[in-house]
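Keep the sequence and the model in view while reading.

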Amino acid sequence: MRMATIKDIVKHTGLSLGTVSKYLNGGNVREENRVKIETAIRELHYRYNDLGRSLKTRRTGLIGILIPSLTEAFSAEIITRAETVLSREKYAAIVSDAMFSPGTEKACLDLFVAKRVDGVIAVPVTDDGGAYGKLSEAGIPLVLVDKDLGGIADAFLLDNRAAGYMAARKLCGAGFSRIGLLRGRLGQQSADERTEGFLAGLADCGTAADPRLIACGDYTVPGEADRTVDALLKHNPEAVFASNYYFTSTLIAALNRSSRRPAYIGFDNLGFTDLVRPVPALVTQPMSEYGRLAAEKLLARIRGIRASERRVWL
């Protein structure tokens, strides 16, 4: 059976060769024309010549997506939403798991450069943007999620201070005074910002922060989340703000094994929280928006739309 060619698609759709060629090479066309071309591709079983397109356009059609851990619901949602946007534009994703390791993160970035990806979406592990300089040197556009790394690229961020502030005010407003905090390691951007907001919220309520009720741990170290939660619960807080995904799930598990019943506010939509009784209060991030917006911004950069790098808080 003869393989379909671009001329067959032109004949099938009635569109011009220029319009069909533009679309097949990653350009934008009218929506009705896109539908016609995609329908013809399916019906004619047309197959892209990725190598030929790469040589002609100097693009590979590949996008690197770097995430800190594949076990996170946060990461999985970003990947899914980003790939939905990218696939519509005929881009394929190379997903790399940094496994919370700066060394692995660097290796992932090296891989993206070696594969000549057209752009990168990254949820960084480190708070230092130095490792990402190689992307700029290679002319590879970058969009960040969750961390801004000093403004080196476009970034979509949560207002972490507002999240911590809101949680503290909510618990104070419920009448609690001995309020604990489960937070990530010192120096971690999101953990530091959420803690700042939390302490500001307590202060505005006239509630003194008890240092014994602020438990800090590196949840990426095996067993550390359990040890951090246990250390806090020994001081019998009346209420707790678990300021990330890992501490929230660990706290829920610990309370299921314990007679202690402090009130708490968790972080992120964990998927299983509808099964917990009572249903916990949560600070939720717009995870689906992160992936979609990051992919759309990256595609705009790839198309050459120039603007200063900017941060967007969601």
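A residue is called buried when its relative accessible area is under 20%, exposed when that area is over 50%, and partly exposed in between. The model shown here is predicted.

**Salt bridge within one helix**
- Side chains of opposite charge can pair when their charged atoms come close.
- Glu-31 and Arg-34 form a salt bridge through their side chains, with an N to O distance of 2.6 Å.
- Both residues belong to helix α3 (residues 31–44), and because they are three residues apart there, about one helical turn separates them.
- Glu-31 has a relative accessible area of 47%, so it is partly exposed.
- Arg-34 is partly exposed as well, at 25% relative accessibility.

**Salt bridge between two helices**
- A salt bridge joins the side chains of Glu-193 and Arg-161, at 3.8 Å from N to O.
- Glu-193 is in helix α9 (residues 189–204) and Arg-161 is in helix α8 (residues 160–173), so this pair ties together parts that are 32 residues apart in sequence.
- Glu-193 is buried, with a relative accessibility of 14%, whereas Arg-161 is partly exposed at 42%.

**Other salt bridges**
- The side chains of Arg-183 and Asp-192 make a salt bridge of 2.6 Å, N to O.
- Arg-183 counts as buried because its relative accessibility is 5%, while Asp-192, at 22%, counts as partly exposed.
- A network of salt bridges links Lys-106, Asp-110 and Lys-134.

**Residues with positive phi**
- Most residues other than glycine have a negative phi.
- Met-99 is not a glycine, yet its phi is positive, near 55 degrees.
- Met-99 sits in the loop between β2 (92–97) and α6 (102–114).
- With a relative accessible area of 57%, Met-99 is exposed.
- Leu-149, which is not a glycine either, has a positive phi of about 50 degrees.
- The loop between β4 (142–145) and β5 (154–157) contains Leu-149.
- Is Leu-149 buried or exposed? Leu-149 is buried, because its relative accessibility is 5% and the cut-off for buried is under 20%.

Terms used
Residues are numbered from 1 along each chain as its sequence is written. This is a predicted model: local features need pLDDT of at least 70, side-chain atom pairs count only at pLDDT 80 or more; totals for chains, interfaces and linings use all residues. Side-chain values use heavy atoms; hydrogens and water are left out. A salt bridge is a side-chain nitrogen of Lys or Arg within 4 Å of a carboxyl oxygen of Asp or Glu. Helices (H or I, at least four residues) and strands (E, at least two) are DSSP runs, numbered from the N terminus. Buried means under 20% relative accessible area, exposed over 50%, partly exposed in between (1.4 Å probe, protein chains only).
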